[in-house]
Amino acid sequence: MKADLGDLNAFVAVARAGGFREGARVSGSSASFLSEAVRRLETELGVRLLNRTTRSVVPTEAGKGLLERLGPALAEVESALDVVNGFRDRPAGSLRLNVPVSAARLVLPAIVPPFLAAYPDIRLEVIAEESFVDVLAAGCDAGIRYDERLEQDMIAVPIGPRIQRFAGAASPDYLDRHGRPQHPSELLGHACLLGRFASGALTSPWEFERDGEVVRVEPSGPLIVRVGGAMDLAVDAAISGIGIIFVFEDWLRPHFDSGALEPILEPWWQSFSGPFLYYPGRRLVPAPLRAFIDFVKASANQT
């Protein structure tokens, strides 16, 4: 009995992703290609590996057993092939990163262009989302997270600014009409622009700190946006005078510089540690990821 390695990889992609469309997105293949590969594998093995419904794709007991054994085996195959990469003059291959939208916007622009210029044989794919998935299950080599989001058994490397702040802001017109708050508690009397995480939780309470005093407020307002992709809409609303926004300082900095937004409560802005690049520590690091890690470390040493 022989099974094609590509068909096995297709099965793993679909089983881990929980569907053919998501498996196609993660693997870079088409859903029809994955469907045909899995069908071919099931025919070859003579057993159904996936239970398919209109809403989900779930491994059968046989599929679960195969997936459990295949994961480490395919990882070893990848590692073995990557050893050959070490004999090249420069690293080549694909690198997939799973990152928050904030990191894609605020951290990676200073790193990705010079990295790709230095390593033209590496193909980088960045998946930006706010749901905190298992990077391996999502088919990614590494991820970027803040320390409270780091998964166990992961190696973490500092990436980007080491100190960041959340900042409050509104348009000068809004503040002229409604007043400039001097204490966080005064935000309860203002229109505030909120975010909602993929989990459904709101980005409140807003937390402020000054001279050891911590103040948490739960503001309300006319607009709620999905954290990450829709945050620019909230920024535009703040610029238009709709209300007060509270988000990464670096996200708002260009609008502070232009005068479109005015900082509020700046003495109360909290600092927090910057993000980390993280990756599994229990297997051989692929050459493209190793090159990226080394580049990030070298860049940090130059700042």
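**Loops, sheet and aromatic cluster in the predicted model**

L265 is found in the loop that runs between β13 (262-264) and β14 (271-273). In this predicted model, the residue has a positive phi of about 55 degrees, although L265 is not a glycine. Most residues other than glycine have a negative phi. L265 is also buried, with a relative accessible area of 7%.

D211 makes a handy counterpart. Its phi is near 55 degrees, again a positive value in a residue other than glycine, and D211 lies in the loop between β9 and β10 (213-217). Here, though, the residue is exposed: the relative accessible area of D211 is 78%, and the cut-off for that label is over 50%. The peptide bond joining S204 and P205 is cis, with omega at about 10 degrees; most peptide bonds are trans. G200 counts as partly exposed, at 33% relative accessibility. Its C-alpha atom is separated by 9.1 Å from that of R226, a residue 26 positions away along the chain.

Next comes helix α8 (residues 231-239), where M231, A234, V235, A237 and A238 are buried. Looking down the axis of α8, these buried residues fall within an arc of 160 degrees, so they line one face of the helix. What do they pack against? The partners of the buried residues of α8 are β8 (192-196), β11 (223-226), β12 and α9 (249-258). Just after α8, G241 takes a positive phi of about 90 degrees.

Turning to the sheet, five strands make up an open arrangement in the order β4-β3-β5-β15-β6, with mixed pairing. The edges are taken by β4 (122-128) and β6 (154-158); each has a single partner strand, so one side of each is left without a neighbour in the sheet. On average, and with direction ignored, neighbouring strands of this sheet are turned by 25 degrees against each other. Strand β3 (residues 93-99) and β4 run parallel and are joined by seven bridges, with V99 standing opposite A128 in β4. Helix α10 (residues 287-302) packs on the sheet, where it touches β3, β4, β5 (142-145), β6 and β15 (276-280). The direction of α10 makes about 60 degrees with that of β3.

Are the two partners buried or exposed? F166 is partly exposed at a relative accessible area of 32%, whereas F246 is buried at 14%. Both belong to one aromatic cluster, formed by Y146, F166, W206, F208, F246, F248 and F272. A ring also meets a charge: the charged end of R162 sits over the ring of F276, 4.9 Å from its centre.

How values were computed: Residues are numbered from 1 along each chain as its sequence is written. This is a predicted model: local features need pLDDT of at least 70, side-chain atom pairs count only at pLDDT 80 or more; totals for chains, interfaces and linings use all residues. Side-chain values use heavy atoms; hydrogens and water are left out. Buried means under 20% relative accessible area, exposed over 50%, partly exposed in between (1.4 Å probe, protein chains only). Rings of Phe, Tyr and Trp (its six-membered ring) pair if their centres lie within 6.5 Å; planes under 30 degrees apart count as stacked, over 60 as edge-to-face and the rest as tilted. A charge sits over a ring if NZ of Lys or CZ of Arg is within 6 Å of the ring centre and within 35 degrees of the ring normal. Two strands pair if DSSP finds at least two bridges between them. Helices (H or I, at least four residues) and strands (E, at least two) are DSSP runs, numbered from the N terminus. Axes are lines fitted to C-alpha atoms, for helices over the stretch in contact, and angles run from 0 to 180 degrees between N-to-C directions. Contact means heavy atoms within 4.5 Å. The arc is that of the directions from the helix axis to the C-beta atoms.
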